[in-house]
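Hello,

Here is the structure I promised to pass on to you. Have a look at it first, and then read on for what turned up.

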Amino acid sequence: MIVRISTEGQYDLPDDVIDRLNELDNATVTAVEAADEAAFASAYAELLGLVRARGTPLGDDALAGSELILPPPDLTLAEAGEQFTGEGLLPD
Amino acid sequence: MPGIGGRFSTVIKAKISKLLDRAEDPGETLDYSYNKQLELLQNVKKGIAEVVTSKKRLQMQQDRLQQSVVKLDTQARQALAAGNEDLARAALERKQLAQNELQSLDQQVSELQDQQEKLTSSEQKLRTKIEAFRTKKEVVKAQYSAAEAQVQISEAATGVGEQMADVGLAMQRAMDKTEQMRARASAVEELEAAGTFEDVTALGPGEDDIDRQLKQLTSDSQVDTELAKMKAELGSPSSGSAGQIEGGESS
């Protein structure tokens, strides 16, 4: 599965990582909803770490679209909150 | 793969798809869409140049403040040696303020540097993808029927479009940071214009007002501590040539 970390790059991720990715994604959402800064930072960092560690970076000339697009690594809790409510990272 | 990436990541994906849908016009020819890509690449370059300019402005401000810190420290010592403690205190207050500003500038310059690097790397990827698109476009034009070409090229265009959205996001974040820095830089420039970091011995009629503001901005205890330290250094009856003793140990 091809995953993009916004402002960083695309990775090809083996399928067996997906369950763990989902767990971390849910942990991140829970932390955002609880407005728990520390939990958000650690869950999201772990999620990104998993992608970087298990994924193979795609070449710059790859023209494949990503199945999954993650927000930028320097995302703040406030910005993460806006993903669900406000305009989000990309204006509509 | 149900629920992949959960809610968190799918929001962004949906937004990018929306952007791409809007950008994709079936009537556009391949060459037109390639030219459009090149045009957008030019905009990215302009954006990077803007970030670099803002960073340079902050760096020049850093240099000026660094010079002020050295100058004010020297003046405080000279004033103290001449027995003028009030003047020494005034110089140290200004020095402390300059140091505070310097500290926050350092942090902001490095943040801006970080944004610039991300933006540059994203732009490089976009450039490479556009080049790959150009190659693919020529192959498709030469070898495929219209219907096949449509599929081939729309896949490739998705790849380029996604990178374009990514560079747009990197640009937006860099610009937001730059905007914050600009406000900061203006605030420091106002202090500079008011002569806050200027030669303390050449203070003009406005000094009372500046001093009053400084008292609010700097912490007395820190200034007191540094003043005491400076006094001890100047006043300590050192044997032999003063100021050479500590440095001499390491030789």
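Let me start with a pair of helices: α2(B) passes α3(B) in a left-handed crossing, left-handed meaning that the near helix is turned anticlockwise from the far one by less than a right angle, and right-handed that it is turned clockwise. Before going further, please keep in mind that this is a predicted model, in which local features need pLDDT of at least 70 and side-chain atom pairs count only at pLDDT 80 or more, while totals for chains, interfaces and linings use all residues. Residues are numbered from 1 along each chain as its sequence is written, chains are lettered from A and ligands numbered from 1 in the order in which they are written, and side-chain values use heavy atoms, with hydrogens and water left out.

Back to that pair. Two packed helices are described by the angle between their axes and the distance between the axes. For α2(B) and α3(B) the angle is about 165° and the axes are 7 Å apart; axes here are lines fitted to C-alpha atoms, for helices over the stretch in contact, and angles run from 0 to 180 degrees between N-to-C directions. The two helices are therefore roughly antiparallel to each other (under 35 degrees is roughly parallel, over 145 roughly antiparallel, 65 to 115 roughly perpendicular, and the rest oblique). Their contact, by class, has 28 nonpolar, 11 polar and 15 charged residues. Ala, Val, Leu, Ile, Met, Phe, Trp, Tyr, Cys and Pro count as nonpolar, Asp, Glu, Lys and Arg as charged, and the others, Gly among them, as polar.

On the α3(B) side the contact includes E85(B), R89(B) and K95(B), and on the α6(B) side D224(B), E226(B) and K231(B) are among the residues taking part. The contact residues divide into 5 nonpolar, 2 polar and 8 charged; contact means heavy atoms within 4.5 Å.

With a relative accessible area of 6%, K95(B) is buried (buried is under 20%, exposed over 50% and partly exposed in between, with a 1.4 Å probe and protein chains only). Not counting residues up to four places away in sequence, K95(B) touches V69(B), L72(B), D73(B) and E226(B).

Q61(B), in helix α2 of chain B, is another to look up: at 0% relative accessibility, Q61(B) counts as buried. Leaving aside neighbours within four places in sequence, its contacts are L105(B), A185(B), V188(B), E189(B) and E192(B).

For chain B as a whole, there are 7 helices and 0 strands (DSSP runs, with helices H or I of at least four residues and strands E of at least two, numbered from the N terminus). Buried residues make up 39% of its 251 residues. Among contacts between residues at least 6 apart in sequence, 87% join residues at least 24 apart.

Which residues touch the most other members of the largest nonpolar core? Of its 36 residues, they are L58(B), L65(B), L119(B), L126(B), I130(B), V160(B) and F197(B). A nonpolar core is a set of buried Ala, Val, Leu, Ile, Met, Phe, Trp, Tyr and Cys residues joined through side-chain atoms within 4.5 Å. The elements giving two or more residues to this core are α2 (30–81), α3 and α4 (146–193) of chain B, and α4(B) supplies the largest share, 13 residues. Apart from this core lies another, of 22 residues, among them Y11(A), V32(A), Y44(A) and L75(A).

Finally, chain A. In the loop between α1 (18–33) and α2 (37–54) of chain A you will find A34(A), which counts as exposed at 54% relative accessibility. D36(A) lies in the loop between α1 and α2 of chain A and is partly exposed, with a relative accessible area of 34%. Leaving aside neighbours within four places in sequence, D36(A) is in contact with A31(A) and L77(A). D36(A) and L77(A) are 41 residues apart along the chain, and their C-alpha atoms are separated by 8.1 Å.

Best wishes
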